[in-house]
Amino acid sequence: MADDRIRRIREEDVDAVVQLVYDLAEFERAPDECHLTPEQLRVALFGDAPGLFGHVAEVDGEIVGYALWFLNFSTWRGVHGIYLEDLYVRPEQRGSGLGKALLATLAAVCVERGYARLEWSVLNWNPAQGFYKSLGAVPMDEWTVDRLTDGPLKALAAQV
């Protein structure tokens, strides 16, 4: 049964979600790394070719959590999956089932569309790891996330 506190993100939710993204950056001890603007999020979600999708958790008319996600693809399975970029619920709403409801909604999208997996990254120190494991999530300990940004990204691109 769907949780009526969870719904697809709407354009009028963008400002509230951007604020929650900044709250997440603060929680993850990286506030100076967050530069998202409402216009950037609006275009990513609602532009001509949206590549980002989202759901929000709403309590008493207030957006108190969100999940932003995009499609990935498994060449081994031959189908898409969902990569959960962000999942965040305000601290005062944690324990209310909203995080689980957001994840359950994304799992339902996967099942409905025939996607093979739902995956995300979590910081090693984040206490939510126990919650994720309780849902059956398996840490991908044998994989290391690599990333190119800023100078190294530009330097590699210049080799083309």
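Q: How many disulfides are there in this predicted model, and what makes a pair of cysteines count as one?
A: A disulfide is called when two cysteine sulfur atoms lie within 2.5 Å, and by this rule the count is zero. The model is predicted, so local features need pLDDT of at least 70 and side-chain atom pairs count only at pLDDT 80 or more, while totals for chains, interfaces and linings use all residues. Residues are numbered from 1 along each chain as its sequence is written, and side-chain values use heavy atoms, with hydrogens and water left out.

Q: Why is Cys34 called buried?
A: Buried means under 20% relative accessible area, exposed over 50%, and partly exposed in between (1.4 Å probe, protein chains only). Cys34 has a relative accessible area of 14%, so Cys34 is buried.

Q: Why is Cys110 put in the buried class?
A: The value for Cys110 is 5%, so Cys110 is buried.

Q: What makes a set of residues a nonpolar core, and how many residues has the largest?
A: The members must be buried Ala, Val, Leu, Ile, Met, Phe, Trp, Tyr or Cys residues joined through side-chain atoms within 4.5 Å. The largest such core has 18 residues, and Leu87 and Leu102 have the most contacts inside it. At least two residues each come from β3 (62-74), β4 (79-89) and α3 (98-113), with α3 giving the most, seven. Helices (H or I, at least four residues) and strands (E, at least two) are DSSP runs numbered from the N terminus.

Q: Why is Leu156 called partly exposed?
A: Leu156, found in helix α5 (residues 150-157), has 44% relative accessibility and therefore counts as partly exposed.

Q: Why is Asp13 called buried?
A: Its relative accessible area is 5%, so Asp13 is buried. Asp13 sits in the loop between β1 (6-8) and α1 (14-27).

Q: Which classes do Arg10 and Glu12 fall into, and why?
A: Arg10 has a relative accessible area of 39% and is therefore partly exposed, whereas Glu12, at 59% relative accessibility, counts as exposed. Their side chains meet in a salt bridge (3.0 Å, N to O).

Note on methods
A salt bridge is a side-chain nitrogen of Lys or Arg within 4 Å of a carboxyl oxygen of Asp or Glu.
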